[in-house]
Amino acid sequence: CGLPVIATAVGGIPEQVADGQTGFLVPRGDHRTMAGAIHYLLEHSEKRQEMEREEAENIEAYMKSGQ
């Protein structure tokens, strides 16, 4: 979707989310850090838009690679 992701750093998620570039990874069970990441993106629209662009570019590159 090209949206920043905020997810726990478990399983294969760290392979999909570039922490600080396309979203944020937080430790499992750390609800304070999760809430802080959500709040940060709500308050920092420029960073959110930067992450959206980065993710959209990643998706486009993936689609062009034919995988």
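**Exercise 1. State what share of the contacts between residues at least 6 apart in sequence join residues at least 24 apart, and outline the protein as a whole.**

*Solution.* Step 1: of the contacts (heavy atoms within 4.5 Å) in the protein between residues at least 6 apart in sequence, 43% join residues at least 24 apart. Step 2: the model is predicted, so local features need pLDDT of at least 70 and side-chain atom pairs count only at pLDDT 80 or more, whereas totals for chains, interfaces and linings use all residues. Residues are numbered from 1 along each chain as its sequence is written, and side-chain values use heavy atoms, with hydrogens and water left out.

Step 1: the protein contains three helices and two strands, which are DSSP runs numbered from the N terminus (helices: H or I, at least four residues; strands: E, at least two). Along the sequence they follow the pattern β-α-β-α-α. Step 4: a box of roughly 40 × 30 × 15 Å, taken along the principal axes, is filled by the C-alpha atoms. Step 5: the accessible surface (Shrake-Rupley method, 1.4 Å probe; for residues, only the protein chains shown count as cover) comes to about 4,900 Å², and 52% of it belongs to carbon and sulfur atoms. Buried residues make up 19% of the 67 residues; buried means under 20% relative accessible area, exposed over 50%, and partly exposed in between (1.4 Å probe, protein chains only).

**Exercise 2. Identify the two salt bridges of the structure and place their residues.**

*Solution.* Step 1: a salt bridge is a side-chain nitrogen of Lys or Arg within 4 Å of a carboxyl oxygen of Asp or Glu. Step 2: Lys-47 pairs with Glu-50, their closest N and O atoms being 3.4 Å apart. The two residues are separated by about one helical turn because they lie three residues apart in helix H3. Glu-50 is partly exposed, at a relative accessible area of 42%.

Step 1: Lys-64 pairs with Glu-60, where the closest N and O atoms are 3.1 Å apart. Here the spacing is four residues in helix H3, so about one helical turn separates Lys-64 from Glu-60. Lys-64 is exposed, with a relative accessible area of 66%, while Glu-60 is partly exposed at 45%.

**Exercise 3. Describe the largest pocket by its volume and lining.**

*Solution.* Step 1: on a 1 Å grid over the protein atoms alone, a pocket is an open set of points where a 1.4 Å probe fits, with protein on both sides within 12 Å along at least five of seven lines; lining residues have an atom within 4 Å of a point. Step 2: the largest pocket holds about 240 Å³ of space, the volume being that filled by probe spheres set on the points, which are joined across faces, edges and corners. Step 3: its lining includes Glu-15, Val-17, Thr-22, Asn-58 and Tyr-62. Helix H1 (13-16) and helix H3 (45-65) each supply at least two lining residues, and H3 gives the largest share, five residues.
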